[in-house]
Amino acid sequence: MSEDFVNSLSLEECRSAAKKCACFNIRKVSRAITLVYDEALRPTGLRSGQFALLVCMRLKGAATIQEMAEAVMTDRSALSRNVRPLISKGLVGIEQGQDRRTRRISITPLGLETLGNVYPFWQQGQEKVRELLGQQGLDELLSVLKSSQQSIRQDRQKKGVEDAA
């Protein structure tokens, strides 16, 4: 890097950014909690994100890629990447939508059976998170996450943003 272009943050500015940045801190906690659930789900062959997608599909029913992406607050390409292994395992089906441009995805009978078999392992992960955070901490976290999601979703809708992030 050219010395003429060096505009470095001080250590204090870096500490402040690391301490106050919602994105940085949410991502750290998210990765840590994901590891807890992934460890609990390891014997099933599913990862926590795959379990969450199956739960969402069970709740939502058949939906377009766009609708499902909005439901899980991601973009279509990321959702497609994450659904691909579930399709390969026969847990999710994909079919042509009402027109040639859309595809609908849904949980298959095998996916429903798998979801039922995996649920006790998810419960173990949930219990571990409850142990780590305490019931009150978990309740408070879920409450903050829910209200944050609603605020972000409303803001994106006002701006006319299609792909939720």
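Residues are numbered from 1 along each chain as its sequence is written, and side-chain values use heavy atoms, with hydrogens and water left out. Because the model is predicted, local features require pLDDT of at least 70 and side-chain atom pairs count only at pLDDT 80 or more, whereas totals for chains, interfaces and linings use all residues.

Secondary structure elements are DSSP runs numbered from the N terminus, with helices (H or I) of at least four residues and strands (E) of at least two. Helix α2 (residues 22-41) packs against helix α6 (residues 109-159) at an angle of about 155°, and their axes are 7 Å apart. Axes are lines fitted to C-alpha atoms, for helices over the stretch in contact, and angles between N-to-C directions run from 0 to 180 degrees. The two helices α2 and α6 are therefore roughly antiparallel; angles over 145 degrees count as roughly antiparallel, those under 35 as roughly parallel, those from 65 to 115 as roughly perpendicular and the rest as oblique.

By class, the contact of α2 with α6 comprises eleven nonpolar, three polar and one charged residue. In this scheme Ala, Val, Leu, Ile, Met, Phe, Trp, Tyr, Cys and Pro count as nonpolar, Asp, Glu, Lys and Arg as charged, and the others, Gly among them, as polar. Within α6, Gln 124 is partly exposed at a relative accessible area of 49%.

A C-alpha separation of 9.5 Å is found between Pro 109 and Gly 93, 16 residues apart along the chain.

Helix α1 (residues 11-20) packs on α2 at an angle of about 60°, with a distance of 5 Å between the axes. The arrangement of α1 relative to α2 is accordingly oblique. Ala 18, Lys 19 and Lys 20 of α1 meet Ala 22, Phe 24 and Asn 25 of α2, a set that divides into three nonpolar, one polar and two charged residues.

The structure holds zero disulfides, a disulfide being a pair of cysteine sulfur atoms within 2.5 Å. For Cys 23, the nearest cysteine sulfur is that of Cys 21, 5.3 Å away. Cys 23 is partly exposed, with a relative accessible area of 49%, while Cys 56 is buried at 14%.

Thr 64 belongs to strand β1 (residues 63-64) and is buried, with a relative accessible area of 14%. Apart from neighbours within four places in sequence, Thr 64 contacts Thr 102, Arg 103 and Arg 104. Met 73 is located in the loop between α4 (65-71) and α5 (76-88). Met 73 is buried at 13% relative accessible area, and its phi is near 55°, a positive value in a residue other than glycine.

Notes: Buried < 20%, exposed > 50% of the residue type's maximum accessible area, 1.4 Å probe, protein only. Contact = heavy atoms within 4.5 Å.
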